[in-house]
Amino acid sequence: MVGTSLSQQLENYIQTMHDQGILDYHFDHVKALQNEENPRFLMEVISMFAHDAEAGIAHLTTLLNSAVVDFAKVISFVHQLKGSSSSIGGVRMALACRQIRHACDNMDKERCLQLLERMKQEYNSLKECLNIIFEMERSIVVANETRHRQP
Amino acid sequence: MASALPSGDMGAAEANSGNGGQMQKKPFTFNEIVLRNRLTALVVDGDNFCRLLEQGILQAYGLETQSVNNGDAAVELIASGAKFDLILIDMLLPILDGVEATRRIRAMGMRCKMLGVTACSGERERQAFLAAGVDVFVEKPLGPEILIPVLRELDGQV
């Protein structure tokens, strides 16, 4: 059956992301929240994460490129990104956020800027992974909806 | 680089066979605990995404949940007479931070289980949150290894 095959492909891909250290087991918890009442939950969560993360990264970029850095505000956005990335299983991105926090504690603007670039790279890797999962999930949802409509 | 695969042995080799080399991992479920009683929880988190996930996880375990997005709203809710078995509260919150919100909630006589669930990880922050009155300091994300023992205790299963 097409749906089953797609689901197995998705499981295999997620396992590969675990093996590469891009996702940890918290992603499995998020995925497990999806049910028949809300079959698009994972897609919604991924969209929400990406939207909020990109807004947070944009704020961080502006703050850290200011002449005088407001480190308290930087810390606030870094914490938000750390919390959301770790909650979706983006362990490497969360680690990069932790490193930025330490640089903020030392009020080291240059180090913060270096680590911001690293965090953006980790976000891009995570986003690419989540986009693939999103598309696979969408295919599964469409396949299931098509099957349910058939007499 | 993190690896989810165990070190090689006969069991793993057998598990790998017939599946293109992929380990058959048991999917995660929320069935590890089945609540016998009605439990209620309040989630206090300023981040929409984290609030959504934490509420979702608690609901998946069978709790009835409410949520607010700042410390002042949490204090107001408790002051209005709302009672909860469990409160998850973040440290960095808009309007009123989690430490002060926790202090005020405890000052009102609320003795429920409070978990400080935060992206903060420093020892000073941990001590401050515990001193304010949270029972457990948890670095986000809140995982089943911490949550399930808490739920068993609240549900009288221990």
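Predicted model: local features only at pLDDT ≥ 70, side-chain atom pairs only at ≥ 80, totals over all residues.

Residues are numbered from 1 along each chain as its sequence is written, chains are lettered from A and ligands numbered from 1 in the order in which they are written, and side-chain values use heavy atoms, with hydrogens and water left out.

**Stop 1: chain B**

Show chain B as a cartoon. You'll find six helices and five strands, running α-β-α-β-α-β-α-β-α-β-α from the N terminus. (Helices are DSSP runs of H or I, at least four residues; strands are runs of E, at least two; both are numbered from the N terminus.) Of the 158 residues in chain B, 49% are buried, where buried means under 20% relative accessible area, exposed over 50%, and partly exposed in between, using a 1.4 Å probe and protein chains only.

**Stop 2: the interface**

Now bring in chain A and select the contact, meaning heavy atoms within 4.5 Å. Chain A puts in 31 residues and chain B 30 residues. Together the two chains bury about 2600 Å², 62% of it on carbon and sulfur atoms; buried area is the accessible area (1.4 Å probe) that two parts lose on being put together, summed over both. On the chain A side, pick A:Gln15, A:His29 and A:Leu33: they lose the most area to chain B, together 20% of what that side buries.

**Stop 3: a bridge between chains**

Which residue of chain A forms a salt bridge with B:Glu139? Select A:Lys82: the closest N and O atoms of the pair are 2.7 Å apart. B:Glu139 is partly exposed at 29% relative accessibility, while A:Lys82 is buried at 5%.

**Stop 4: bridges inside chain B**

Hop to B:Asp90 and B:Lys140, whose closest N and O atoms are 3.1 Å apart in a salt bridge. B:Asp90 is in the loop between β3 (86-89) and α4 (98-107), B:Lys140 in the loop between β5 and α6 (144-154), 50 residues apart. Relative accessible area is 7% for B:Asp90, so that residue is buried, and 8% for B:Lys140, which is buried too.

Then try B:Asp135 and B:Arg106, another salt bridge (2.9 Å, N to O). B:Asp135 lies in the loop between α5 (123-132) and β5, and B:Arg106 in helix α4, 29 residues apart.

**Stop 5: the cores**

Finish with A:Met119, A:Ile133 and B:Leu86, which have the most contacts inside the largest nonpolar core, of 73 residues. (A nonpolar core is a set of buried Ala, Val, Leu, Ile, Met, Phe, Trp, Tyr and Cys residues joined through side-chain atoms within 4.5 Å.) Helix α6 (residues 109-149) of chain A gives the most to this core, 15 residues. Around A:Ile133, beyond its neighbours within four places in sequence, look for contacts including A:Leu10, A:Tyr13 and A:Phe27. Apart from that core lies another of 25 residues, among them B:Ile87 and B:Cys120.

Key:
Salt bridge = Lys/Arg side-chain N within 4 Å of Asp/Glu carboxyl O.
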